[in-house]
Amino acid sequence: MKEFDDFNFSVDKYTKELTRECVGGSDLQQRKKEIEAYNETTAATLKQTCKKNYMEFIQTAKEISHLESEMYQLSHILIEQRNILATMTDGKTNSRLKADSVEAESSAAADDVQNSHATRAVKEMVQGFNGNLEGKTFLNEGALIELDANDYRPIQRVFFFLFNDVLIVCKVKHDKRLDFLTEYDPKKIGVINIKDLDGVKNAINIITPDGSKIYQSITAAGKTEWIEKLEEAFRFDQQKKSKKGQAPQPPTRAKQQSSKSSTPEKVSSTPQPETPTEPKSLEDETPEWLSTASEEIQTLVAQRHFEEAQELIKRTQESVRGENRKKVPQADSIESKVKQQELKLINVLLKELSNSHNRNLQIALRSAKRPLKILVEMGRYRQASATLLKVCAVSLRVSQREARRNNADISELFFCDLTQVACDYLTAFEQQPACVSALVVWCNAELQYFASQLIKHYLAKGTSLETVAKCVERVRKPSTKLTEIGLDISYHLEGLLRTTLESLIEESKERLLDSVGRTEESWQPYNLQTKSNLKRLLLELDVLGIDVRAQATGDTWMNLTQSTVVFIRHFLQLTEHCGCLAKCETLLQKLELLLKELFIAHHSLKPPSDMAVDPNFVMKNKIFLVDNLLPIAIDKFRQISGRQCEILRELHTKMSRQHGAPLPRQRSVYTTDVF
């Protein structure tokens, strides 16, 4: 088989050589089996190779994801290093200009100014805080994310103000305002560093009198800074005594700039007098909210504020495009960062949408509305529509499975759910007509799955025609609901069930024809033993649409054979079932043939030759079937199916002509020799 691996392999050449080498058909068959075995081996090898490549691709994707996370952390570290270098440069410049004594005095004055600014800012910004901050030393401020202690899920955004003897915790509202939550004494709390895990990074555990709480910082540097500052607040009194009342150094300019990137409103945002001699860099010309937009978007996504993140992305893109681009020196860098955050937001929303499936379809659709709306506004309607339909497919099939387990009506449930999905889908993608084709394809796929499950569980081989008719009728009625929204799937449904229904009709016909004539018939009038039995029989036949009171004689007798009475009841019931199935035109002919052959089979029954019976009574039963039963069956079939039963009409006309006058009753003839 090495010839197949050759790059210059030719099929014609190989076939000619093979026919030349092989002698007879047996050799060719043997070579054919070898080629087929080689084909199967090659296919199995390809499958294993594809699986191996797919697993390597998944592993590579995970490594890339980890690398992206590390690169993001590295970028934050570089920003911190740049700020530290700027701080060191400013510190060296100030040290050259000022003497040690002047520096100490200015540092104390700056500390007092910083404390007063912090105190005033807390009173102005924090709603609901009435504490006294006079004489307290400001140490740090910043935004954190409170996490759930069980699954590390983000709960809310918080903002900390740390003084020497109080830690103020505020809640960040959607409008960037701060609401006072609680305050703690730094000396009565403990700080525990949490090791970085796959689910959470840069987190600290703060043990308070109220219990243990977990907070997450945006960067690793911010996490380290908070641990140091909380330790400093814990030992503040001891440090103050050892330093003989020296005031702590005020935050540097680089630190203030780094804290601004994560706070909704900064304490250090109080207007400060600018030095006219200080040169203005290109970064200073960029609006502050624009330069920190990427970090803010990431924070909003982490806290599941998807609407605000999408609005900020849109606002940022408008600011760096068109005529505004020339006014922003770092437009390219900002645009690329925001673009990356936009892609991350889209991935998060798609994952959120795909995870919204539920056993209850209504709950799944309700939970999918939020990410679906944002994705449509961002122009990702194709991805959103495909994900939504996958979610709906899962919920539909789960509900169908539970309905079958509980013996509920799956047809009504399926088409109601399908209608609800179609309505919500068309509402969500009303402005995107191109998505309607995806809905039609999805409906056809779900209909095929529903039909396959219907055939498997309810239309299996050996199912009676009565059960088949009821099942099909329960399916047809709710399927017409989709026509109200412009989606007609009835024809497609009939096509999916047609082959199965035809086979079941043929099977029922054979079974019914085999049962004709198996019961022993005495060819005598039917005695029902009691008056109540006769009355019950007459009422039952009245419900089926035929009146046989003219054939009742005496109190308990029916002037028809027992097999004729049973056949009348069975044939009318069968006509109803066939009429329900005959609403589909493709099944009409087979159903008419079933009724015709069954009627002919029973009509052609004759008493045995050795049985003494009245031929007029036999003929009376047959005439009753043709003149009374057959017209009623034809009319019932027409009323139920809405179609004319031409085959039975022709049969009625033909049999009516064949019936002649009744034969005279045979009499015993006596002979005698006497004249």
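## Strand pairing and aromatic contacts

In strand β5, Glu183 is the bridge partner of Ile168. The model is predicted: local features need pLDDT of at least 70, side-chain atom pairs count only at pLDDT 80 or more, and totals for chains, interfaces and linings use all residues. Residues are numbered from 1 along each chain as its sequence is written, and side-chain values use heavy atoms, with hydrogens and water left out. Helices (H or I, at least four residues) and strands (E, at least two) are DSSP runs, numbered from the N terminus.

- Two strands pair if DSSP finds at least two bridges between them.
- β4 (residues 167-172) and β5 (residues 178-184) pair in the antiparallel sense over 6 bridges.
- They form a hairpin with 5 residues between them, and Lys176 in the turn has a positive phi of about 70°.
- Strand β3 (residues 154-163) runs antiparallel to β4, joined by 5 bridges.
- Val158 stands opposite Lys171 in β4.
- β3 and β4 also form a hairpin, with 3 residues between them.
- β4 is mostly covered: 5 of its 6 residues are buried (under 20% relative accessible area; exposed is over 50%, partly exposed in between; 1.4 Å probe, protein chains only).

**The β9-β11-β10 sheet**

- This open sheet of 3 strands has antiparallel pairing.
- β9 (526-527) and β10 (552-553) stand at the edges with a single partner strand each, so one side of each has no neighbour in the sheet.
- β9 is joined to β11 (residues 557-558) by 2 bridges.
- Tyr526 has Met558 in β11 as its bridge partner.

**Aromatic pairs**

- The structure holds 12 aromatic pairs. Rings of Phe, Tyr and Trp (its six-membered ring) pair if their centres lie within 6.5 Å; planes under 30 degrees apart count as stacked, over 60 as edge-to-face and the rest as tilted.
- One of the pairs is Phe129 with Phe180, tilted at 5.3 Å centre to centre and 55° between the planes.
- Phe129 lies in the loop between β1 (126-127) and β2 (138-147) and Phe180 in β5, so the pair ties together parts 51 residues apart in sequence.
- Phe129 is buried at 9% relative accessibility. Phe180 is partly exposed at 25%.
- Phe414 and Phe450 have ring centres 4.2 Å apart and planes at 5°, so they are stacked.
- Phe414 sits in helix α14 (residues 410-428) and Phe450 in helix α15 (residues 436-457), 36 residues apart. Both are buried.
- Phe160, Tyr215 and Trp226 form one aromatic cluster.

**Charges over rings**

- A charge sits over a ring if NZ of Lys or CZ of Arg is within 6 Å of the ring centre and within 35 degrees of the ring normal.
- The charged end of Arg315 sits over the ring of Trp289, 3.8 Å from its centre.
- Arg397 has its charged end over the ring of Tyr449, 4.0 Å from the centre.
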